[in-house]
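Please look through the sequence and the structure shown here before reading on. The briefing that follows goes through a few places in the fold, topic by topic.

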Amino acid sequence: MKKKILLCLNKNQFVNFDYNLNYITAMQKQGFNSGNNVFEYAVQKMLLCKDVKVEYNYDLYHNQTCFEKYIPEINEKFDCIIILPANIFCSYAMKFFVPNFINYIQKLKIPVYVLGAGAQSDFDYSFDFLDKYGKLIKDFVNAVAKTNGKIGLRGYFTAECLKKLGLNEDVYDVIGCPSIFQNGRDLRVDVVPQEHLKIAFNGNRMLRKSFYKKYFDKYNDAIFVCQDELYKFLYRFNEIKRKDLKNIKLKHIENLLQNNHVKLYCNYQSWVQDLQNQKINFSYGTRIHGNIVPILSNIPSVVEVVDSRTRELTEYFDIPSVKASDDIYDIEEIYNNISYKNFNESFSKKFDKFKKFMNDCGLPCLQDIEYINKVLPPMSDFTIPESDFKELSIWHKIYRSILNIL
């Protein structure tokens, strides 16, 4: 009899995204951050195995009332359940999600496996947030422990947080983020001399800090990979409201939008394809998955670290990074001095540790590559629609009217 696994996702990552959805629904299906697609796709792919049956549930993230009603059936039908909460130990999740998660987990009678859970603090790894949220964190971890489940953590800072709370170390282990393991243990990144840097920038700091404009002035064929805010501007122009315009520095992104240099990929597969089609050879910015996707395609990336979430992952995986600053970095100097030596030398061991964690939980992890290649939808099935900003004259007219209103 096949093992039956219930995997909780925002959406099915093996199905092409419907860009015609309204803004709220579209972003909700990605957990309000398209970077979530990357680790969800990775786990879906890893679990593919002819000896395992995986079903998907979207209610845990989108309709929790429905999920709670489904719990008796889950207990009867499945052998285990997997959730992918990312930075769950943060103020936002503690207020809106974690209390409900604890309630549901306490009602589950099958093992609960949590992959890629992380804490959110400042760059300096302050533990101050534990004073406010420590009890909720303990209740969550203990609820998972009572199901005989386990928690895979994003990095060592999160592990230190759980240790400070006195939680049983047998319940959790540091495994990094599943996203970077999806292509196996042989991943490496080669930094080669480039006559011209074709850069993919990322991170919302670039929308809000005017000094970043210097990067786009110098690298005028660069693209900006958005992961949330600009969905309306790219695909649902008719839904833009005045408050949206006030929240975004339009002067800073006007040329990028006009020239189709702003990208928001709602599938991991189209993201990979477009980076290759654009001939991107360097990635830079504050988004961890905005940089992991290029890394998966052997494109050197540097993370501009803003907080503990990105810092602990860059440190765990030995991904080159710089601390976020209001001073402009020399991008070419950064590129010419980065090294992926430690990343390349340590990656296979980290993959082996991740796979052991999965297998110890009774979960497959790229067990049958032949089967995976047979059933995995081809990359070519995933496409990106054209942006609404294809008529430059129309945009200029709208832009001038906006400035008059504001």
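In helix α7, the buried residues are Phe 129, Leu 130, Tyr 133, Gly 134, Ile 137, Phe 140, Val 141, Ala 143 and Val 144. This is a predicted model, and the points below should be read with that in mind.

- The elements that cover the buried residues of α7 include the strands β3, β4 (112-117) and β5 (150-153), together with the helices α5, α6 (98-107) and α8 (156-164).
- The largest nonpolar core has 149 residues, and those with the most contacts inside it are Phe 140 and Phe 201. The largest share of this core, 8 residues, is supplied by helix α7, which runs over residues 129-146.
- In general, nonpolar side chains tend to be buried together in soluble globular proteins.
- Apart from its neighbours within four places in sequence, Phe 140 is in contact with Ile 83, Ile 88, Phe 89, Val 98, Phe 101, Ile 102, Ile 105, Val 114 and Ile 151.
- Helix α7 has 18 residues and reaches 25 Å from its first C-alpha to its last, which is close to the 26 Å expected at 1.5 Å a residue.
- After α7 comes Asn 148, with a positive phi near 65°.

**Helix α18**

- The buried residues of α18 are Phe 343, Asn 344, Ser 346, Phe 347, Lys 350, Phe 351, Phe 354, Phe 357 and Met 358.
- Among the elements that cover these buried residues of α18 are the helices α2, α15 (288-296) and α16 (308-317), and the strands β4, β5 and β6 (172-174).
- The end C-alpha atoms of α18 are 30 Å apart, which agrees with the 28 Å that its 20 residues should span at 1.5 Å a residue. Helix α18 bends by about 40° at Phe 347, a residue that is itself listed as buried.
- After α18 comes Gly 362, with a positive phi near 80°.

**Positive phi in residues other than glycine**

- Most residues other than glycine have a negative phi, and this is the background for the two residues described next.
- Tyr 125 is not a glycine, yet its phi is positive, at about 60°. The place of Tyr 125 is the loop between β4 and α7, and with a relative accessible area of 17% it is buried.
- Leu 366, also a residue other than glycine, has a positive phi near 55°. Leu 366 sits in the loop between α18 (341-360) and α19 (369-375), where its relative accessibility of 7% means that it counts as buried.

**Polar side chains and their partners**

- Is Gln 44 buried or exposed? Gln 44 belongs to helix α2, residues 36-47, and it is buried, because its relative accessible area is 1%.
- The side chain of Gln 44 reaches the backbone nitrogen of Gln 13 at 2.7 Å. Leaving out neighbours within four places in sequence, the residues in contact with Gln 44 are Leu 7, Leu 9, Lys 11, Asn 12, Gln 13, Phe 14 and Tyr 56.
- Asn 87 is found in the loop between β3 (80-83) and α5 (91-96), and its side chain is joined to that of Gln 120 by a polar contact of 2.9 Å.
- Beyond its neighbours within four places in sequence, Asn 87 is in contact with Ala 93, Gly 118, Gln 120, Arg 154 and Arg 309.

- Leu 376 lies in the loop between α19 and α20 (392-405), and at 17% relative accessibility it counts as buried.
- Although Leu 376 and Lys 45 are 331 residues apart along the chain, their C-alpha atoms are separated by 7.4 Å.
- Not counting residues up to four places away in sequence, Leu 376 touches Phe 14, Tyr 41, Lys 45 and Leu 48.

- How many disulfides does the structure hold? The structure holds 0 disulfides.
- The closest cysteine sulfur to that of Cys 49 is in Cys 365, and at 11 Å it is too far for a bond. Cys 49 is buried, with a relative accessible area of 10%.
- For Cys 66, the closest cysteine sulfur is in Cys 8, and because the distance is 12 Å, it is too far for a bond. Cys 66 is partly exposed, with a relative accessible area of 32%.

Note on methods. Residues numbered from 1 in each chain as written. Predicted model: local features only at pLDDT ≥ 70, side-chain atom pairs only at ≥ 80, totals over all residues. Heavy atoms only, no water. Core = buried A, V, L, I, M, F, W, Y, C linked by side-chain atoms within 4.5 Å. Buried < 20%, exposed > 50% of the residue type's maximum accessible area, 1.4 Å probe, protein only. Helix = DSSP H or I, 4+ residues; strand = E, 2+ residues; numbered from the N terminus. Contact = heavy atoms within 4.5 Å. Polar contact = N/O pair within 3.5 Å; in protein donor to acceptor, adjacent residues only side chain to side chain. Disulfide = S-S within 2.5 Å. Expected span 1.5 Å × (residues − 1). Bend = angle between axes of the 7 residues up to and from the residue.
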